[in-house]
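Colleague: I've got this one open and would like to learn how to read a few features in it. Can you walk me through them?

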Amino acid sequence: QVQLVESGGGLVQAGDSLRLSCAASVRTSSGVTMGWFRQAPEKEREFVASMPWNGGTTYYGDSVKGRFTISRDNANENTVYLQMNSLKPEDTAVYYCAAQKPYLYLDYSRLSNGEAYEYWGQGTQVTVSS
């Protein structure tokens, strides 16, 4: 069982930056793919970013490419970050950290699919005002 706890959400203005953290109960470098998803009110869950278990190419949703970056804390391998720059009001959502079972997929279709993730955090609210 993997436990995930997000933090770092808050209220910011358009154009600001914010960094979300995800503290995992396991070393995220130990074969675990980590992902970030978000869900706005009355909208479906949306893929934001993923970091595959083999340390390969990270993937991003189209709406956040070039603005958001997923990374791992090299000093504390239990922590994954989502750096969010140039925030827009449409980025307002609850952001969730998620993890897959070890050594599974590497293809974009499953790294970007929430159904492929076994473990989820409780979410952290990000609100971007215009």
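Colleague: Which residues is serine 129 in contact with, leaving aside its neighbours within four places in sequence?

Modeller: Contact here means heavy atoms within 4.5 Å. By that rule, serine 129 touches Leu11, Val12, Gln13, Ala14 and Pro89, once neighbours within four places in sequence are left aside. Keep in mind that this is a predicted model, where local features need pLDDT of at least 70, side-chain atom pairs count only at pLDDT 80 or more, and totals for chains, interfaces and linings use all residues. Residues are numbered from 1 along each chain as its sequence is written, and side-chain values use heavy atoms, with hydrogens and water left out.

Colleague: Where does serine 129 sit?

Modeller: Strands are DSSP runs of E, at least two residues, numbered from the N terminus. Serine 129 belongs to strand β11, residues 124-129.

Colleague: And why does serine 129 count as partly exposed?

Modeller: Go by relative accessible area: buried is under 20%, exposed is over 50%, and partly exposed is in between (1.4 Å probe, protein chains only). Serine 129 counts as partly exposed because its value is 27%.

Colleague: How many disulfides are there?

Modeller: The test is a pair of cysteine sulfur atoms within 2.5 Å. That gives one disulfide: cysteine 22 with cysteine 97, sulfurs 2.0 Å apart. The pair links distant parts of the chain, 75 residues apart, with cysteine 22 in strand β3 (residues 18-24) and cysteine 97 in strand β9 (residues 93-99).

Colleague: Is the link of cysteine 22 and cysteine 97 left-handed or right-handed?

Modeller: Left-handed, with -75° about the S-S bond.

Colleague: Are those cysteines buried or exposed?

Modeller: Cysteine 22 is buried, at 0%, and cysteine 97 is buried too, at 1%.

Conventions. Helices (H or I, at least four residues) and strands (E, at least two) are DSSP runs, numbered from the N terminus.
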